[in-house]
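Welcome! Take a look at it first, and then we can go through it topic by topic.

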Amino acid sequence: MKPNVLQLNPILVPAVNDKLNALYTVHRLFEQQDKVAYLKEHGGLIRGVITGGHTGISNEMIASLPALQVIAVNGVGTDAVDLQFARQRGIPVTATFGALTEDVADLAIGLILTTCRQICFGHGYVTSGGWKQNPHPGAIPLSTRFSGKRVGIVGMGKVGRAIAVRAAAFGCPIAYTDLRQIDDMPHRYVPDLLQLARESDILVLAAAADKAHGIINAAVLDALGKDGYLINIARGKLVVEQDLVDALSRGAIAGAGLDVFVDEPNVPEALFKMDNVVLQAHRASATNESRTAMGEMVLASLAAGLAGQRPEGSLTT
Ligand code: 8YV
């Protein structure tokens, strides 16, 4: 009999789904109408869980799966899993570190460019007929250069470093903050986030959100200043979202490029009307390349966990 595995989010790579189906009886909870009833019926059989970084798994659900041997997070954020709870139960939790780094960093740069250069606004100006109606070059305000701007990176993990490499190629001086200074890091360490914001033209959030809730508040945004841009490809909850909406409304910062939000898919509607804001639907790792590599890591974690071995990179065992 194939082991039973519970999948909490869809996987969009056919080859990964084919392998999952070949090896396991996959219970796709996201396809079920009555999830509670479904879990009651099948929970006792489930030996592995696949979840997304943002979705994670509740302690209540973990507790309702008595045969659980491994939780494979198809993402790098583990803020939605109580690692301590899993550790106490001896359940390995894995993530897909390294598989999505390049794509998340690429999107960060994409958001910087689209925001500073008002690319989405320009696209809308052309497609809505605005350009035809008013072809005078002075009809569109000037935008802001990215090259050479001071980039501040909050969280210098794999993704932060990959953003730094890219920003350096644009001739940007880079500074960063993190829990501590990193030894092999050529960039300037600024321990205080307020100070980093004050010294940055573009503040990029690439930090884990396990503990750092609401670190980007009105004071930090005011420090970033009226010519500063905020980019978030990490987690919405790093930001006090209402403070961000207020800061944008009162012109306290110049603009924002956001891939993640506090309560996805609910995005503050005030942001929809702002020309200096570019929004994405949590897409930073959503490429065939990243998702294929992530899927392979999930498969490897399941295989090891279900064989009673410690999966590579387990965060809890
Ligand atoms: C994914 C993420 O969208 O890695 C993470 O933590 O939030 C994203 O890359 C998600 O995990 C996809 O399942």
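Which residue in β4 does V49 stand opposite? The residue facing V49 is I71. Please keep in mind that this is a predicted model. The points below start with the sheet and then turn to the ligand.

**The sheet and a helix**

- Five strands form an open sheet in the order β2-β1-β3-β4-β5, and their pairing is parallel.
- The edges are taken by β2 (25–28) and β5 (93–94); each has a single partner strand, so one side of each is left without a neighbour in the sheet.
- Further in, β3 (residues 46–52) runs parallel to β4 (residues 70–74), and the two are joined over 5 bridges.
- Helix α1 (residues 14–23) lies across β1 (4–7), β2 and β3, and its direction makes an angle of about 120 degrees with β2.

**The ligand and its surroundings**

- The residues around the ligand include G52, G53 and H54, as well as N74, G75, V76 and G77.
- Also among them are L100, R235, H282, S285 and R291.
- By class, this shell is made up of 8 polar, 2 nonpolar and 2 charged residues.

- A polar backbone atom of G77 lies 2.7 Å from an oxygen atom of the ligand.
- The side chain of R235 has an N or O atom 2.8 Å from a ligand oxygen.
- For R291, an N or O atom of the side chain is 3.3 Å from an oxygen atom of the ligand.
- On its own the ligand has 330 Å² of accessible area, and the protein covers 87% of that.

Technical notes
Residues numbered from 1 in each chain as written. Predicted model: local features only at pLDDT ≥ 70, side-chain atom pairs only at ≥ 80, totals over all residues. Heavy atoms only, no water. Pairing = 2+ DSSP bridges. Helix = DSSP H or I, 4+ residues; strand = E, 2+ residues; numbered from the N terminus. Contact = heavy atoms within 4.5 Å. Axes fitted to C-alpha atoms, helices over the stretch in contact; angles between N-to-C directions. Near = heavy atom within 4 Å. Polar contact = N/O pair within 3.5 Å; in protein donor to acceptor, adjacent residues only side chain to side chain. Areas by Shrake-Rupley, 256 points an atom, 1.4 Å probe, with all protein chains shown as cover. Nonpolar A, V, L, I, M, F, W, Y, C, P; charged D, E, K, R; others polar.
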